[in-house]
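Good morning, and thank you for coming. Please look at the sequence and the structure on the screen while I walk you through a few of their features.

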Amino acid sequence: MNKLWIWGPLGLFLMFSGLAAYQLTQPKDEFVQSTMIGKPIPDFDLRPAHQDRPGLAIADLKDGKPKLLNIWASWCVPCIAEAPHLEALNRAGAEIVGVAIRDRPADVARFLAQHGNPYTRIGADDLSEVQLSVGSSGVPETFVVDGNGIILHQHIGDVRAEHVPMLLQKLAEAGA
Amino acid sequence: MMRFILAILSAALIVMPASAQQTLPPAPLAYEQLSDPAQEEAAQALMETLRCLKCQSQSIADSDAPMAGDMRHQVRSRIAAGEEPEAIRAWLVERYGDYVSYAPTVSNTTWPLFAIPLLLLIVAGVIIRRRVGKRS
Amino acid sequence: MAAELGLAALWLAAALSVLQLIGGALAQRDTNSDLAKLVRPAAVMQGLLAGFAFLVLLYLFAVTDLSVKLVAANSHSDKPMIFKLAGAWGNHEGSMLLWITVMALAGGLIGFVERRLPEQTMQATLAAQAFVGLGFYAFLLLSSNPFERLPEPAMEGMGLNPLLQDIGLAFHPPTLYFGYVGLSVAFSFAVGALLTRQVNPDFARAMRPWVLGAWIFLTLGITAGSYWAYYELGWGGWWFWDPVENASLMPWLAATALLHSVSVLAARDALRTWTIMLGVVAFSMSMLGTFLVRSGILTSVHAFAADPERGTFILGLLILYIGGALLLFGLRASSISEGDRFSVTSREGALVFNNVMLSAILGIVLLGTLYPLLTEAFDVRVSVGPPYFNPVGAVFTIPMLMVMAVGPLLRWRQDSFTRVKWPIIISAVVMVAVLALVVILGSYSILADLGLAVAVALGIGSFMPLRGRNLLRVPIATWGMVVAHFGIAVALFGMASESAFSEEKLAAISVGESTQVGPWQVTLDAVEPVAGPNWTAIQANLGASYDGGTSIELTPQSRNFWAPPQETTESVLATRWNGQLYAVVGNEAGDGRWQLRLWWKPFVTLIWYGGILVALGGLLALIGRVKTDLKRRYVVKRAGDRRAEAAS
């Protein structure tokens, strides 16, 4: 007991130091990962965010064809950066559906005119309902969804050139 | 967070049309209370224990971030629809993991948070008995 | 030129602390060697030089010398003078310089005045102080030189973070640093005493003013910080259990425990090793707090100057000092006897109870703060917040506060409960009565109701040590204890009342409309743009009337700063004796309506008045102790003189 009291504090302190030192070497993970991977997307039905494209509902994700679900917004700067890579994915045969977060139709139209439109459908998520229901915590995020509406993969942040083959691979695994 | 910093930096660097900023009004129940005081109280109590995912360590009840507003809307509308607060918490935890809730529950990863205070209580009792039990 | 002078002074001070360390170490062999005799003068000179360096930095900020990197990065020629000066410590390098300056001045002061302890212990203490100081000099001079010049002077400064352009926040960090540094002196005393094995009441008396001083500053710092968060963050919360807030609370908890155990050691020569341990723990909590805040390894709303590289350096210092001290403790503790024993029902018994409870609370805050860090190592992210800290902390806090109401009535060494039967009964009756009353008033929150009951009982109990005494002859230090304990009761009452009876109103109203929150009627009279020195704002003109009384004008703002660009909400407070109305203006809600956030918080101000009372109690105790010490020193000197006369 006496020994414990004398050396215990040093032991606890060394444990803390080890932990702190380890954590300092680790890059700080600022992203909140979705815990919905492997689970089906809950029901939703969004009105169209843009006149040229239909809106998005859960039935569209259960049509048997794997898709990329891209969560974005016209006011989001990294979304501009990822636009060309979404185009590349589109050219490679990926079907991309969009969810526009808190956006106005006019802003969506201007964004798509400027940066291209890789989407087959765009739903307007004015209350972040779909975003919350798939466990996304920011824009842009891209989910790989299989033909039955089950989430297979979450990509946080903008899609860059090096992510394109990886996302195509995930789609292929899903049977695209 | 990185995306947030990036967004701010780029916003400062790239001159963007002012209208391209986020201008949509907040969700209806983000800044509006429920008419039933008991429901509002339940919603408020829950919101104070949910973490704002876009912020630096703030609850959704303490944040002006749009996403926090949308989460408040979710909480209030679900409470108004008669859902139990703990069911709403469970719904969010299912999506974001334990991180979204400030109220840890006893689980595989959090049991020491409760075991250690219990241990402290026992140790405190033992120390007080041992140290002061003996007279000079 | 000025910047170079400051840097030179800093290098000289660092060199002197090397001398102080070596001299102090050699003194452990021969206390009268030439180098050992230099220890005290070196400490004094080091203090003066560091003080000079800090004055130079203040001067550079006052004249906005843009050829200095730190000034260019953190100041702006348009800023009001007070914020220019505050800019000197509102950044990493400047705050480190302030830290080292206060530490060197404290070392100089003990070197100059402290004569009670054996010379060898003093030399060991000053060597420890120099050892701690050297680490910070190295940090400052090698990796964060505040006097670094730019190759080309900047055209204009970058400005100070707008959130920091606030009078409360300008003085909040330095207040905490004074507290941290005071604890570093206590740490040095503890290490000095461990080295020479001289743990006795004299040691406790020498250490006590520093613990008291540190504790006063920590109390004020936490109180001010909490008030700042309350009115600046704009949501009416005053404590969030945020990692940075916890980082300031933990040293306070340790210092509070140390303060009480040092009193036992001074009065009764008991709790020797425990006091040493707390001395080490209290400073380690200061260092840990600095580490958590600066390294950025925990996510915080108050993140400030976070940088992993600095974190590495501070962690290195932490391991060196705290690890070293704990190792020394392990080696020496068994050779220091426990000191006198006492019965469970005695003043010491109550103080031990207090110490154990405070340590347990400290343990819980530490656990809850660091736990997310632990799980992240296994890639699991969790959040620990108020729903954890409040109830788990209360399990230990409430019994502690109950013992606190009667503990000061007990006699030293041995007493019986029957002697203090009546105060115990009165306290219990008061608690039950208040509990019944608040439940009738409609508050069903267990923690808040218990808090109110304990607060009232403690408020009454805190004055009981004065009963039956001639108030004019009560020692100042006793008054200090009474005031501080009463302050805790006052603060607790404010916290519990805020939690039990606050009312919130979120409204979107047009100009001319009104809304109701608690007993207040608030009318939106106008919304207008306002321009400040470095910001523009939207201001709402509100008319608020309490319970149908005359209307007072409130002007909350939503400010946009332009250097650097940032948006802040400026809340306004209408303070009455029985609480505060808290008003914030938010965004436009469409069709000419504006978002208003209003709170009525009964007795919320007592939280901070309580904090000020606690600090005032500490100040009274400090004055009382120093006065007694001076008197004793005078008596000893007179006796010495007389003996010398008699001998001749």
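Which domains does the domain assignment of chain C give? Before I answer, please keep in mind that this is a predicted model. The assignment gives domain 1 as residues 1-165 and domain 2 as 172-338 + 348-385. Domain 3 covers 416-501 + 608-618, and domain 4 covers 503-602. Between the C-alpha centres of domain 2 and domain 4 of chain C, the distance is 39 Å.

Let us turn to the helices of chain C. Helix α11 of chain C spans residues 272-295. From its first C-alpha to its last, α11(C) reaches 34 Å with its 24 residues, close to the 34 Å expected at 1.5 Å a residue.

Helix α12 of chain C runs from residue 308 to residue 332. Its 25 residues should span 36 Å at 1.5 Å a residue, and its end C-alpha atoms are 35 Å apart, which agrees. Buried residues in α12(C) include Phe313(C), Leu318(C), Ile322(C), Ala325(C), Leu326(C) and Phe329(C). An α-helix has 3.6 residues a turn, so residues three or four places apart point the same way.

Next, the nonpolar cores. The largest one holds 223 residues, of which Ala186(C), Val211(C), Ala254(C), Ala255(C) and Val280(C) touch the most other members. Helix α9 of chain C, residues 201-232, gives the most to this core, with 18 residues. What does Val280(C) touch, not counting residues up to four places away in sequence? The contacts of Val280(C) are Phe187(C), Ala190(C), Ile322(C), Ala325(C), Leu326(C) and Phe329(C). A second, separate core has 39 residues, among them Trp72(A), Ala83(A), Ile122(A) and Val139(A).

How do the two chains meet? The contact takes 20 residues from chain C and 14 residues from chain A. On the side of chain C that touches chain A, the elements that give two or more residues are α11, α12 and α13 (347-376) of chain C. The largest share of that side, ten residues, comes from α12(C).

I shall finish with the sheets. Strands of a sheet pair through backbone hydrogen bonds, either parallel or antiparallel.

In chain A, five strands form an open sheet in the order β5-β4-β3-β6-β7, with mixed pairing. Its edges are β5 (119-125) and β7 (151-156) of chain A; each has a single partner strand, so one side of each is left without a neighbour in the sheet. The twist averages 20° from one strand to the next. Strand β4 of chain A, residues 96-101, runs parallel to β5(A), and six bridges join them. One of the residues involved is Gly98(A), whose bridge partner in β5(A) is Ile122(A). Ile122(A) also belongs to the second core.

In chain C, an open sheet of four strands has the order β1-β10-β9-β8, with antiparallel pairing. Here β1 (503-510) and β8 (572-576) of chain C stand at the edges with a single partner strand each, so one side of each has no neighbour in the sheet. Nine bridges join the antiparallel strands β9 (residues 579-590) and β10 (residues 593-602) of chain C. Within this pair, Val585(C) has Leu596(C) of β10(C) as its bridge partner.

Thank you for your attention.

Notes
Residues are numbered from 1 along each chain as its sequence is written. Chains are lettered from A and ligands numbered from 1 in the order in which they are written. This is a predicted model: local features need pLDDT of at least 70, side-chain atom pairs count only at pLDDT 80 or more; totals for chains, interfaces and linings use all residues. Two strands pair if DSSP finds at least two bridges between them. Axes are lines fitted to C-alpha atoms, for helices over the stretch in contact, and angles run from 0 to 180 degrees between N-to-C directions. The expected span of a helix is 1.5 Å times one less than its number of residues. A residue is buried if 20 or more other C-beta atoms lie within 10 Å of its own, exposed if 12 or fewer, and partly exposed in between; C-beta atoms are placed from the backbone. A nonpolar core is a set of buried Ala, Val, Leu, Ile, Met, Phe, Trp, Tyr and Cys residues joined through C-beta atoms within 7 Å. Two residues are in contact if their C-beta atoms, placed from the backbone, lie within 7 Å. Domain bounds come from an automatic or database domain assignment.
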